[in-house]
Amino acid sequence: MALYQRTSTHLSLVQSTAPDPLLTARLTQLVARARSTVTGTRRATWRDAARFLTAGFPAAVYRSRRWWIPTALVSIAVSAIIGWWIGTHPEVQSAIAAPDALRQMTQPGGQYETYYSSHPAASFAAQVWTNNAQATAMCLVLGAFLGIPVLWILFLNMLNLGVGIGLMSSAGRLDTFLGLVLPHGLLELTAVFVAAGTGLRLGWTVVDPGPRTRRAALAEQGRAALGMAVGLALVLFVSGMIEGFVTPSGLPTWARIALGIAAEVAFLLYVYVLGGRAARAGEVGDVESAARSAELPTAA
């Protein structure tokens with residue numbers, strides 16, 4: 001340690017007073033090698049993956065529940081209002097598309113039904129998973145911009161859902177629409193709401209970082225958000241598999257919806273049981289303390 005500190009000092013002096021390219025390169029190499037010896041290197045292991053899946057990710061989702069649960073309730077209400085508005089106002093429907101086009105979308109065997117079986121199940125599931133993972137990642141990353149882009153992304157998702165509800169309800173086929181959406185939509189929308197709520201929480205951290213410095217608060221929330229992006233990608237993979245293989249299957253509607261409800265309940269139990277236990281034990285969804293940068297204490 002003493003040699004490392006002395007060499008670092010010498011390197012700083014040489015760089016500031018008499019820069020010699022050969023000597024600077026040699027001292028830089030020595031300091032880099034010494035730093036790796038002093039601090040050590042740590043590689044990710046299966047233990048890290050297990051900790052992330054059993055503690056880090058569910059705890060992060062659990063701790064942000066005060067953000068994503070209200071986000072979910074408000075978003076569902078907005079989608080329901082849009083669906084009611086479209087379904088009860090023929091002039092709004094005519095502004096969306098021509099009557100013949102609307103009939104092609106909503107009739108038995110129309111576009112709303114054939115959408116889920118228009119491609120091979122495996123490729124369709126992969127496409128859906130990729131699109132949804134990108135949307136949730138954008139919600140998490142763009143939350144740093146005061147959460148404004150997150151609200152827009154969330155509104156577009158709820159608008160698409162509301163349009164489907166409105167058009168199919170006006171055609172008297174809302175039960176068919178819900179039978180197609182609910183099996184995968186419960187888990188998929190929950191992942192979107194979690195991502196949006198976390199993005200909004202990240203945006204609020206910019207405004208009010210609390211007792212910590214803004215940089216430290218954003219660093220912690222940002223690392224947790226990136227971890228949640230990985231975890232939500234796994235959740236959306238399950239949702240994509242349901243959408244690709246279960247939704248267009250020949251199973252009865254009640255069976256498909258039951259599978260969707262089972263997946264949703266399993267995720268909520270995962271968050272509230274494992275995540276709640278880990279959060280009460282002090283887990284925040286961040287990396288381990290040894291991997292974080294040291295912080296100076298701040299005044300209360």
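Helices (H or I, at least four residues) and strands (E, at least two) are DSSP runs, numbered from the N terminus. In this predicted model, local features need pLDDT of at least 70 and side-chain atom pairs count only at pLDDT 80 or more, while totals for chains, interfaces and linings use all residues. Residues are numbered from 1 along each chain as its sequence is written, and side-chain values use heavy atoms, without hydrogens and water.

Phenylalanine 155 belongs to helix α9. This residue counts as partly exposed because its relative accessibility is 36%, where buried means under 20%, exposed over 50% and partly exposed in between (1.4 Å probe, protein chains only). Together with Val74, Val78, Trp152 and Leu156, Phe155 forms a nonpolar patch on the surface, with about 450 Å² of accessible area in total. Such a patch joins nonpolar side chains (Val, Leu, Ile, Met, Phe, Trp, Tyr) within 5 Å, from residues with over 30% relative accessible area and no salt bridge. Helices α4 and α9 each give two or more residues to the patch, and α9 provides the largest share, three residues.

The interior is described by nonpolar cores, sets of buried Ala, Val, Leu, Ile, Met, Phe, Trp, Tyr and Cys residues joined through side-chain atoms within 4.5 Å. The largest has 34 residues, and Phe57, Val61, Val194, Met228, Leu232, Val235 and Phe267 have the most contacts inside it. At least two of its residues come from each of α3 (46-63), α4 (65-88), α8 (121-141), α9 (148-170), α10 (174-207), α11 (214-246) and α12 (253-280). The largest share, eight residues, belongs to α10. Another core, of 18 residues, lies apart from this one and includes Ile86, Phe124, Val128 and Leu161.

Terms used:
Patch = residues over 30% accessible without salt bridge, like charges linked within 9 Å, V, L, I, M, F, W, Y side chains within 5 Å. Areas by Shrake-Rupley, 256 points an atom, 1.4 Å probe, with all protein chains shown as cover. Salt bridge = Lys/Arg side-chain N within 4 Å of Asp/Glu carboxyl O.
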